[in-house]
Amino acid sequence: MDGRTVFAAAGGEGFSAAAARFRAGPCSVVLLRDLSAASPAAFLAGSEQAAFGALKIPKRKAEWLGGRLAAKLAGADAFFQGVPLREIEVRRELTGSPFLVCRGERRHVSISHSAGTCGAAAGTDFLGLDIEEVAPRHPGWYRDYFTPAEREGRDEAAMTGLWAAKEALFKALGLGLSCDTLDADLSGPGPVLKGRALARWEELGRPPFALERFDPGPGLQGRLVWGR
Ligand SMILES: CC(C)(COP(=O)(O)OP(=O)(O)OC[C@H]1O[C@@H](n2cnc3c(N)ncnc32)[C@H](O)[C@@H]1OP(=O)(O)O)[C@@H](O)C(=O)NCCC(=O)NCCS
C-alpha cells in the first residue's frame with residue numbers, strides 16, 4: 001500500500017476516466033480522476049438521476065457523480081461482478097453514511113473526494129476511506145484537531161495523513177465529523193479512542209481493525225480503515 005498507485009484509462013457505461021483499482025485486506029478500492037461522464041444515465045439508477053439533477057453547484061455535481069461511480073465500481077469488484085452499474089444503487093443513511101443496494105442485497109461502502117480525485121472502498125461492514133489534499137493550514141487547525149502527541153514531529157503532509165486517518169476511522173464508525181477529532185489519538189502504533197468514538201466502537205462490538213495508507217496521487221494523502 002505504500003507504493004505508487006497506478007492510474008490507467010478506463011471507461012464504458014457512459015463514462016471515461018483515469019482509474020486505479022487495488023485490494024486492501026477484504027476491500028476493493030477504486031480511485032478516479034479526469035472523469036468525463038457523457039451519459040450519467042447509463043450508470044445511475046433512476047433515483048440517483050433525480051438526485052444528480054437536483055444538484056446545482058458544478059463542483060458538488062462532479063464530486064457527487066465521481067464518488068457514486070467509484071462506489072459502484074468498488075461494489076462491482078467486491079460483490080456484484082458483471083452487474084450493470086445502474087443496478088448498483090448508492091443510498092445514504094440519515095447520518096450521510098453511504099451504502100449500496102443491488103438486487104435486494106445491501107452492502108456497506110465508503111466514499112471520499114478531494115481536489116478532483118474521487119475514491120470508494122467496499123468489501124466489509126467496518127470500512128472508512130478518506131482522501132485529503134495537502135495544503136497550508138491555519139495554526140488553529142493543528143491546535144484544535146490534534147493531540148500534542150499527534151502534532152509532535154510531523155510535517156504538513158504527515159498531519160494531513162493523520163487527518164485523513166481520523167476521517168476514515170470516523171466514517172467506519174458511521175459518525176463522520178459529528179464526533180470530536182480528539183476522540184481518536186493516532187500518535188502511537190494503535191489508535192486510542194475515547195468519548196463518542198469509543199462508545200460507538202463498543203456499540204459495534206469492539207471490531208478489530210487495520211489502518212492503512214495509500215497513495216491517491218501527487219499532493220494527496222489517502223487512508224483506509226477496514227475491519228479484520
Ligand atoms: C463525512 C465527513 C467527515 C466528510 O468529510 P469531507 O472530508 O468533507 O468529505 P469526503 O469527500 O472525504 O467524504 C464525503 C463523503 O462521506 C460520506 N459520509 C457522509 N457522512 C458520513 C458518515 N456519517 N459516515 C460515513 N460516511 C459519511 C458521504 O458518502 C460523503 O460523500 P457524498 O456526500 O458525495 O455522498 C463530513 O462531511 C461530516 O461528517 N459531515 C456531517 C457531520 C457534520 O455536520 N459535521 C460538522 C462539520 S465539523
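Domain bounds here come from an automatic or database domain assignment. By that assignment, the protein is divided into domain 1, residues 8-130, and domain 2, residues 133-227. The structure is a predicted model, in which local features need pLDDT of at least 70, side-chain atom pairs count only at pLDDT 80 or more, and totals for chains, interfaces and linings use all residues. Residues are numbered from 1 along each chain as its sequence is written.

The protein has six helices and twelve strands; helices (H or I, at least four residues) and strands (E, at least two) are DSSP runs, numbered from the N terminus. Along the principal axes, the C-alpha atoms fill a box of roughly 50 × 35 × 35 Å. The radius of gyration is 17 Å, which agrees with the value near 17 Å that a compact globule of 228 residues would have; this radius is taken over C-alpha atoms, and the globule rule is 2.2 Å times the number of residues to the power 0.38. Of the 228 residues, 41% count as buried, where buried means that 20 or more other C-beta atoms lie within 10 Å of the residue's own, exposed means 12 or fewer, and partly exposed is in between, with C-beta atoms placed from the backbone.

Next comes the meeting of the two domains. Their centres, taken over C-alpha atoms, are separated by 23 Å. In all, 23 residues of domain 1 are in contact with 25 residues of domain 2 (C-beta atoms, placed from the backbone, within 7 Å). On the domain 1 side, two or more residues each come from strand 3 (27-36), strand 6 (105-114), strand 7 (117-122) and strand 8 (127-133). That side is made up of ten nonpolar, ten polar and three charged residues. Here Ala, Val, Leu, Ile, Met, Phe, Trp, Tyr, Cys and Pro count as nonpolar, Asp, Glu, Lys and Arg as charged, and the others, Gly among them, as polar.

The ligand can now be put into this picture. Both domains give residues to the shell around the ligand, so the ligand lies between them. The shell holds 18 residues, the closest being Gly 96, Ser 97, Ser 112, Gly 176 and Leu 177 (near means a C-beta atom, placed from the backbone, within 6 Å). Helix 2 (58-78), strand 6 and helix 5 (156-172) each give two or more residues to the shell, and strand 6 supplies the largest share, three residues. By class, the shell has five nonpolar, nine polar and four charged residues.
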